[in-house]
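I went element by element and wrote down what I looked up.

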Amino acid sequence: MSQREASPALPHPGIGELFLSPVPPGSSWPGEPSRPRTPRAHQADEVLRLADSARSLEQLDARVAVCRACPRLVDWREQVARAKRASYAGEPYWGRPVPGWGDPEPHSLIVGLAPAANGANRTGRIFTGDRSGDWLYAALHRVGLANQPTSVHAADGLQLTGVRITAPVHCAPPDNAPTTPEKATCAPWLDREIQLVEPGLRSMLALGGIGWQQTLGAVRRLGWSVPRPAPRFGHGAEAVLVTPSGREVRLLGCYHVSQQNTFTGRLTEEMLDEVLTRL
């Protein structure tokens, strides 16, 4: 059975237009950065080449959104997009890598982990359409960095001021657990993203220990100075990093906005707001 037969076109919840699941590159999906001929990476060395040669965030996002370099992640994200969670059975799923998103000239970069299978993998926008996104965007709104407290789909009018959000892994992984090789394959996208936003960057916020370690790894590869011994992750942790040009950029740590943390009270709204006010 073909993908078209297995997953018929369904209306987008925001604009009503019909889309297949996964959504083909170059579509009119809200926020779609790619074109039908956007070059696609099929293996790790192609990720490195296409990331390094991206001249802008727009070009980088387009290339991220069509990447097929990790077979396990490609199979999983597309399987989820075709099968769908029952509560979303009547809408299309993005089912592709989810690029970074937010202010095109940010002073702060928030680094998560990977898209949620029925969240960003469905909506095509990072931290959108799940409980983690509900927490993060409500907090960003409370501290004045988002124009609204909700993040439902990619056409809901949400805008960020001064902040861009990204992830070290751009595809939804099984069990929310990307492998070490998958993280390594995806790493050049984050490296180049940090390079492109660095001129105006004053802070980065890592959500969770993996985000913290992946951010430190990225800046080391870019030649930034990192304190020794290596800064340890913790909620509210802070380290000062120095770019090759001598600029200081603060790295902040925050418990991830996962349900495991927010439902148990390990992360409260007050704790999240306090860290975000330091961006």
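This is a predicted model: local features need pLDDT of at least 70, side-chain atom pairs count only at pLDDT 80 or more; totals for chains, interfaces and linings use all residues.

**Entry 1**

I then looked up which strands lie beside S8. Strand S6, residues 203-207, runs parallel to S8 and is joined to it by five bridges, and in this pair Leu205 stands opposite Leu252. Strand S7, residues 238-242, pairs with S8 in the antiparallel sense, again over five bridges, and here I found Ala239 opposite Leu251. S7 and S8 form a hairpin with five residues between them, and in the turn I marked Gly246, which has a positive phi of about 95°.

**Entry 1: strand S5 and the whole sheet**

Next I turned to strand S5 and asked myself which of its residues are buried on each side. Val163 and Ile165 are buried on one side and Arg164 and Thr166 on the other, and I wrote down that both faces are covered. I reminded myself that side chains in a regular strand alternate between the two faces of the sheet.

For the partners of S5, I found that S3 pairs with it in the antiparallel sense over two bridges, with Trp101 as the bridge partner of Ile165. S4 pairs with S5 in the parallel sense over four bridges, and Ser108 stands opposite Val163 in that pair.

What is the order of the strands in the sheet? I traced an open sheet of six strands in the order S3-S5-S4-S6-S8-S7, with mixed pairing. S3 and S7 stand at the edges with a single partner strand each, so one side of each has no neighbour in the sheet.

**Entry 2: helix H6**

I checked the length of helix H6, residues 131-142, against what its residue count predicts. At 1.5 Å a residue its 12 residues should span 16 Å, and the end C-alpha atoms are 17 Å apart, which agrees.

At the start of H6, I found a side-chain oxygen of Asp130 within 3.3 Å of the backbone nitrogen of Ser132. After the helix comes Gly144, with a positive phi near 85°.

The buried residues of H6 that I listed are Ser132, Gly133, Leu136, Tyr137, Ala138, Ala139 and Leu140. They pack against strands S3, S4, S5 and S6 and against helices H9 and H10.

**Entry 3: His170**

Is His170 buried or exposed? Its relative accessibility is 2%, under the 20% cut-off, so I counted His170 as buried. His170 is found in the loop between strand S5 and helix H7.

Its side chain reaches the backbone oxygen of Val98 at 2.7 Å, and I also found the backbone oxygen of Ala167 at 3.3 Å from a polar atom of the His170 side chain. Beyond four places in sequence, the residues that His170 touches include Val64, Arg96, Pro115, Cys186 and Trp189.

**Entry 4: helix H3**

Because Val64 had come up as a contact of His170, I looked at helix H3, residues 57-64, where seven of the eight residues are buried, so the helix is largely enclosed by the rest of the structure. The buried ones are Leu57, Gln59, Leu60, Asp61, Ala62, Arg63 and Val64, and what covers them includes helix H2, S5 and H7.

**Entry 5: the record**

Last, I looked up the UniProt record, where an unreviewed entry lists residues 99-276 as "domain: Uracil-DNA glycosylase-like". Over these residues I noted 33% helix and 15% strand, with the end C-alpha atoms 22 Å apart.

Key: Residues are numbered from 1 along each chain as its sequence is written. Side-chain values use heavy atoms; hydrogens and water are left out. Two strands pair if DSSP finds at least two bridges between them. UniProt positions are given in the numbering used here, feature names are shortened, and annotations may be inferred rather than shown by experiment. Buried means under 20% relative accessible area, exposed over 50%, partly exposed in between (1.4 Å probe, protein chains only). A polar contact is a pair of N or O atoms within 3.5 Å; within protein, one must be able to donate a hydrogen and the other to accept it, and residues adjacent in sequence count only if both atoms are side-chain atoms. Contact means heavy atoms within 4.5 Å. The expected span of a helix is 1.5 Å times one less than its number of residues.
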